[in-house]
Amino acid sequence: MSSTKHRNPPVLDKSTKHNKTKDFNSKKRHIEEETSLNDDLYDPKKPTKSLFDQFLELDLQLSSIFFVCASPNSRWGWCRPLIKIIEIFGDGLVWMLVPVAFLIVTEEKWLIEFCVNILAATAFDLCVLFLLKMLASRPRPVANKGDMLIVVAVDNYSFPSGHCTRAGMMTYIIIEYFNLTGGYIALGGVWVIVMAISRLMLGRHYITDVICGTVVGFMEGAVVIAVWITVDNLESILSLFLRT
């Protein structure tokens with residue numbers, strides 16, 4: 001019979017055993033971390049974003065499509081100067097200076113009445129905007145360059161759009177005061193839409209800002225018409241002040 005040689009198993013030194021144990025523990029820890037991460041991602045008990053937050057994200061995504069003139073380097077940056085001219089016509093300062101200029105040079109009673117009410121409407125609009133902007137405290141889009149004609153602290157907020165409130169309010173007032181119909185109403189609607197789109201193109205506001213701003217403007221216009229100050233009332237107020 002041939003003798004069978006028995007081979008002893010290889011003997012591992014301490015350093016080799018330590019390295020293998022370390023690798024095994026490392027792989028085990030990595031698997032546990034991945035498992036924990038997957039549990040976090042698919043955990044039904046984990047709080048998700050509210051419907052309001054999801055709505056705001058959708059508003060941002062849709063609004064960013066319109067930010068084509070937000071800077072000179074934007075896709076339609078070449079027409080930014082034209083859009084900024086539209087912006088000027090919606091500025092609150094303009095709606096205060098123009099009526100004052102007419103009051104200085106005119107003696108027509110109907111025009112005096114109209115300009116005084118426009119000044120009162122502008123002041124009313126600014127007060128409403130102050131309250132709404134402070135309550136919402138919504139920052140303007142990141143795309144906004146902050147180069148508007150007049151910017152005060154409260155106007156750093158985005159909701160609602162002041163240009164759209166004034167566009168809606170003034171359109172409503174003019175249509176009601178002059179009893180306009182047909183094509184004039186359509187023209188006013190075009191102006192309101194143009195103002196809203198221009199605010200988006202410049203990256204000043206989100207879609208919800210301009211829509212809500214326009215609605216608020218129409219409501220403001222209705223209030224101004226309801227409490228309209230007539231020439232007779234103006235004369236009574238002036239005489240009262242003169243007596244005192």
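Buried means under 20% relative accessible area, exposed over 50%, and partly exposed in between, with a 1.4 Å probe and protein chains only as cover. This is a predicted model, in which local features need pLDDT of at least 70 and side-chain atom pairs count only at pLDDT 80 or more, while totals for chains, interfaces and linings use all residues. Residues are numbered from 1 along each chain as its sequence is written, and side-chain values use heavy atoms, with hydrogens and water left out.

**Whole chain**

Start with the protein chain in cartoon view. It holds 9 helices and 0 strands; helices (H or I, at least four residues) and strands (E, at least two) are DSSP runs, numbered from the N terminus. Read along the sequence, the pattern is α-α-α-α-α-α-α-α-α. Of the 244 residues in the chain, 33% are buried. Switch to a surface: the chain exposes about 16,500 Å², and carbon and sulfur atoms supply 67% of that area. The areas come from the Shrake-Rupley method with a 1.4 Å probe. Contact here means heavy atoms within 4.5 Å. Among the contacts with a separation of 6 or more, residues 24 or more positions apart account for 75%.

**Exposed valine in a loop**

Select valine 142, in the loop between helix 5 and helix 6. Is valine 142 buried or exposed? Valine 142 counts as exposed because its relative accessibility is 82%.

Serine 137 is partly exposed, with a relative accessible area of 32%. Proline 160 also lies in the loop between helix 5 (109-136) and helix 6. Display the backbone there: the peptide bond from phenylalanine 159 to proline 160 is cis, with omega near -10 degrees.

**Helix 6 against helix 8**

Two packed helices are described by the angle between their axes and the distance between the axes. Select helix 6 (residues 162-177) and helix 8 (residues 207-226), whose axes come within 6 Å and cross at roughly 35 degrees. The axes are lines fitted to C-alpha atoms, for helices over the stretch in contact, and angles run from 0 to 180 degrees between N-to-C directions. This crossing is right-handed, a term for a near helix turned clockwise from the far one by less than a right angle.

Show side chains on both helices. On the helix 6 side, the residues that meet helix 8 include Cys164, Met169, Tyr172 and Ile173. Helix 8 contributes residues including Val210, Gly213, Val216 and Phe218. The residues of this contact divide into 11 nonpolar, 6 polar and 2 charged. In that count, Ala, Val, Leu, Ile, Met, Phe, Trp, Tyr, Cys and Pro are nonpolar, Asp, Glu, Lys and Arg are charged, and the others, Gly among them, are polar.

**Nonpolar cores**

A nonpolar core is a set of buried Ala, Val, Leu, Ile, Met, Phe, Trp, Tyr and Cys residues joined through side-chain atoms within 4.5 Å. Which residues form the largest one? Select Val68, Cys69, Cys79, Ile83, Ile86, Ala167, Met195, Met201 and Leu202, 9 residues in total. Helix 3 (80-89) and helix 7 (183-201) are the elements that give two or more residues to this core. A second, separate core of 8 residues includes Phe114, Met169, Met170 and Ile173.

Centre on alanine 167. Leaving aside its neighbours within four places in sequence, this residue is in contact with Trp191, Val192 and Met195.

Select asparagine 179, in the loop between helix 6 and helix 7. Its phi is near 55 degrees, a positive value in a residue other than glycine. Asparagine 179 counts as exposed, at 63% relative accessibility.

Move to valine 194 in helix 7. At 31% relative accessibility, valine 194 counts as partly exposed. Valine 194 and cysteine 164 are 30 residues apart in sequence and 9.7 Å apart in space, C-alpha to C-alpha.

**Last stop: helix 9**

Select aspartate 232 in helix 9 (residues 231-243). Aspartate 232 counts as exposed, at 55% relative accessibility.
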